[in-house]
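Biologist: I am new to this structure and would like to learn how to read it. Could we take the features one at a time?

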Amino acid sequence: MTPPPDIGLDAAQVGDVFPFHFAFDRDLQVLAVGRSLGRMLPGFRVGQALADTLLLYRPSLPLEPARIPSLHGQPVIFRTVASKDWLRGQLLPLADGSGWIFLGSPWFTQPSDLQRNGLEVGDFAAHDTVADVLQILQAQQMAFDDMKAIMQKLSQQRAESRRLSARLSALIGNLRGGVLVEDPERRILIVNQAFCTLFGIPADPVELVGLDCSNSAEQSKHLFAEPEAFVTGIRLALENRRTLTGEILTLRSGHILERDYVPIFSEGSYQGHLWHYRDITDRITAERALRLETSRLSVTLANIVDGVITTDSAGAITLLNTAALRILGASESELLGFPLAEVFRLRRSNASADGDPVAQVLGSGVAWETGSSRNEWRWLDTLDGRQLRVVASIAPIRGSVDNAGLILVFRDVSKEFEVEELKRDFVSAVSHELRTPITSMKGFLDTVLGDPEMPVEVRTEFLGVVRSQLKRLAGMVEKILQFSRLEAGQKMELAAFDLTALAGEIVAELTPISGSRSVAIDWDGPNIPVEILADREQIRSVLVNLLTNAIKFTPDGGSVGIGVREDGGETVVAVRDTGIGIRAEDLPNLFQRFYRAPSSGQHAPGTGLGLSIVKEIVQRHGGQIHVDSRPGEGSTFTVRLPTRPSA
Amino acid sequence: MYGLVNRAVEKLVCSRFGEPAWERIKARAGVDVEFFASNESYPDSMTYGLVAAASAELGLPAATILESFGEYWVLEVAPAGYGAMLDSAGRTLPDFLENLPHFHTRVAMIFPNLQPPRFETSDRTQDSLVLHYHSNRLGLEPFLLGIIRGLGKRFQVAVQVDHIGSRGTGSDHETFRITWSAGGAA
């Protein structure tokens with residue numbers, strides 16, 4: 001073995017290489033203390049007794065001068081008296097034999113020992129491994145801390161997993177549907193009571209966990225109306241591993257089940273699957289009942305005369321019935337989804353706006369109506385440009401939410417209003433017209449009865465007037481009755497007859513009347529038979545009305561004409577006069593019931609029913625009536641009747 | 001890169017922006033690691049990816065994130081991870097900086113799979129020294145800047161750092177002149 005080279009360390013170098021050294025003499029008095037040891041043990045000074053600061057820990061001997069030589073060549077461990085720290089190293093005799101030197105360093109087992117002793121890493125010699133050991137210990141501590149952190153995280157995750165599992169089990173256990181969760185080998189992981197009940201399994205669900213379900217489809221198929229389809233469905237679901245929802249299965253008992261299959265994948269790996277069965281018999285029954293109810297409602301809505309519209313909570317139209325479409329003059333596709341307030345704008349009869357009742361009801365939730373009587377109508381401008389009188393009510397729909405939309409019910413009362421108006425006019429006119437002959441008759445009769453001495457010729461004349469007024473009264477009553485019969489749908493008595501002959505008879509009957517007014521009745525056109533199939537009495541009424549009107553409205557000295565002819569398959573009757581004529585603005589209303597042209601009243605009394613009776617009869621025969629007239633020149637009424645009306 | 005570094009990035013993001021932000025950053029970086037082991041070596045690309053994803057997710061420049069991270073490392077992570085060793089690494093800023101080379105030498109010896117940076121100091125004066133930073137990793141200078149600023153706060157001195165040499169200007173390493181003065185952190 002080659003001896004080490006003499007590196008000639010001086011005292012300063014020894015101090016750098018062994019900064020924790022100390023030297024002592026034969027009396028165990030301290031001779032020198034290294035730089036770092038001095039920092040660690042500030043009270044350890046030259047001249048001090050070694051034993052005041054250090055004990056000999058290993059070998060375990062009393063610290064006595066005589067024992068020191070025996071320590072040479074051994075590992076020696078001193079222990080500090082105060083802090084119980086170790087110094088490990090070895091003792092060497094000083095070259096001059098005056099004492100001993102300890103070469104070593106503290107032995108620390110925790111990084112915190114450094115700070116506790118007022119040291120830092122730089123206090124150790126570069127070759128000293130204590131700092132490296134401490135670094136390793138620190139790394140171990142870090143790894144240990146990591147492990148603790150991982151364990152803590154795992155514990156948290158396991159606890160969370162257990163909580164989730166418990167919640168899942170509780171959730172599944174309380175589901176109304178039957179749930180079965182299987183692992184990839186079809187062993188039961190979770191099953192609930194509802195599943196056991198659905199499949200008639202008489203066991204506690206907890207006891208089923210872990211059981212193999214491979215053959216369960218075969219065992220349960222007898223419950224299903226189509227057993228093989230049930231088995232095949234399960235097989236295909238398991239093979240395909242794709243989510244299936246809402247499969248409908250019918251049990252032999254008549255119950256209907258809905259089934260979901262959900263494969264469970266975790267990070268791409270198949271972990272099993274979930275079956276979910278729900279008994280939807282009640283739901284299906286309710287849906288069928290609802291469909292039936294909806295159908296009934298649709299039919300009802302389609303057949304009522306009132307318009308009905310519903311909206312959603314924003315006021316957009318969701319449903320309209322046929323009457324609503326007819327009244328508004330638009331199609332369903334044009335209106336569905338459209339804001340109701342935009343298509344249903346009302347005005348009062350005095351032209352003032354009604355606000356926006358749709359927004360009002362949507363906002364307040366309080367129902368609104370125009371009024372319960374027909375007199376409380378509003379104007380409605382329809383989408384096809386008409387103006388109608390309507391009554392309406394709007395009410396909020398209260399469903400599961402506060403504002404589920406609204407329902408509008410409205411009625412077109414235009415016709416009713418017009419009829420009411422006409423009736424009012426009629427009552428007024430008829431009252432007046434009836435009162436006139438009655439007043440006249442009363443006056444003459446009072447005179448006759450009040451003067452017993454009245455000459456016979458005068459009495460006869462007065463009674464003649466009474467008879468004439470009675471006849472007029474009877475005529476009016478007859479017209480009202482005739483109108484009433486027509487309104488009631490009087491049946492026609494069709495028979496073939498010669499219309500020319502009928503017209504001749506009527507002309508003959510009316511000639512005395514016209515003659516008294518110097519109004520001539522002319523026969524226009526050829527006087528040849530024209531046979532027609534019609535209700536003779538009703539056609540007579542037509543001709544009498546037209547000729548009577550012509551005579552009535554023709555001044556003395558004028559003329560009236562009538563002609564009958566065939567034109568293709570039609571029979572044409574034309575009655576003309578040289579009378580006062582009719583203003584153009586009165587023509588559209590001429591055939592309306594109870595209508596009397598303003599200029600007619602001063603020329604002749606009447607009910608306003610004659611021409612409407614004429615038009616009704618003509619139309620019932622499948623014919624048409626047309627009038628040409630010029631005020632001051634006269635009028636021509638042309639009736640076209642099918643010679644053979646259809647049934 | 002040392003797992004402790006990635007853990008520190010995670011802690012910084014979670015403490016300031018919340019755990020959901022960290023999960024989004026990991027997803028964006030394509031990092032599927034549930035737990036970074038402190039003494040384990042992870043690919044540098046993972047750390048770079050996390051920093052880039054954090055920059056995109058948080059809308060901050062990567063350099064700002066790295067510098068914040070450097071400070072956070074010194075003031076929060078290292079005391080928790082290194083504990084008493086950090087306390088014993090130097091009583092003053094210059095002592096600490098001069099111990100850095102020894103520290104990293106030991107780290108390289110204890111964890112041979114890691115590739116810690118190499119530090120040298122020179123030109124020490126009363127109030128400055130030059131720190132030489134050798135690393136085969138690029139772009140981490142802001143991290144080092146943050147560390148030095150954090151050390152200033154730790155030792156309660158005002159610190160000025162001048163980047164006086166870099167690989168971008170022909171040197172083979174990064175060089176910083178660090179100047180300190182008593183009176184608290186800069």
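Modeller: Buried area is the accessible area (1.4 Å probe) that two parts lose on being put together, summed over both. Between chain A and chain B that area is about 2,100 Å², and carbon and sulfur atoms give 54% of it. A:Glu120, A:Gln135 and A:Met142 supply 31% of the area that chain A buries against chain B, more than any other three residues.

Biologist: What kind of model is this, and how are residues and chains labelled?

Modeller: This is a predicted model, where local features need pLDDT of at least 70 and side-chain atom pairs pLDDT 80 or more, while totals for chains, interfaces and linings use all residues. Residues are numbered from 1 along each chain as its sequence is written, chains are lettered from A and ligands numbered from 1 in the order in which they are written, and side-chain values use heavy atoms, with hydrogens and water left out.

Biologist: How many residues of chain A are in contact with chain B?

Modeller: Contact means heavy atoms within 4.5 Å. By that rule, 25 residues of chain A meet 26 residues of chain B.

Biologist: How many salt bridges are there between chain A and chain B?

Modeller: A salt bridge is a side-chain nitrogen of Lys or Arg within 4 Å of a carboxyl oxygen of Asp or Glu. The count between the two chains is 4, and over all chains it is 49. The side chains of B:Arg91 and A:Asp123 form a salt bridge at 3.4 Å, N to O. This pair crosses between chains, from the loop between helix H5 (84–87) and helix H6 (93–110) of chain B to the loop between helix H3 (112–116) and helix H4 (130–174) of chain A. Helices (H or I, at least four residues) and strands (E, at least two) are DSSP runs, numbered from the N terminus.

Biologist: Is A:Asp123 buried or exposed?

Modeller: Buried means under 20% relative accessible area, exposed over 50%, and partly exposed in between (1.4 Å probe, protein chains only). A:Asp123 counts as buried because its relative accessibility is 3%. B:Arg91 is at 43%, so this residue counts as partly exposed.

Biologist: Which salt bridge links distant parts of chain B?

Modeller: B:Glu71 pairs with B:Lys153, with the closest N and O atoms 2.7 Å apart. B:Glu71 lies in helix H4 of chain B and B:Lys153 in helix H7 (residues 141–154), 82 residues apart.

Biologist: Which residues touch the most other members of the largest nonpolar core?

Modeller: In soluble globular proteins, nonpolar side chains tend to be buried together. A nonpolar core is a set of buried Ala, Val, Leu, Ile, Met, Phe, Trp, Tyr and Cys residues joined through side-chain atoms within 4.5 Å. The largest has 89 residues, and those that touch the most other members include A:Phe22, A:Phe78, B:Trp73 and B:Ile178. Helix H4 (residues 62–82) of chain B gives the largest share of this core, 9 residues.

Biologist: How do strands E1 and E2 of chain B pair?

Modeller: Two strands pair if DSSP finds at least two bridges between them. Strand E1 (residues 118–122) and strand E2 (residues 128–134) of chain B are antiparallel, with 5 bridges. B:Thr121 has B:Leu131 in E2(B) as its bridge partner. The hairpin has 5 residues between the strands, and B:Asp123 takes a positive phi near 55 degrees there.
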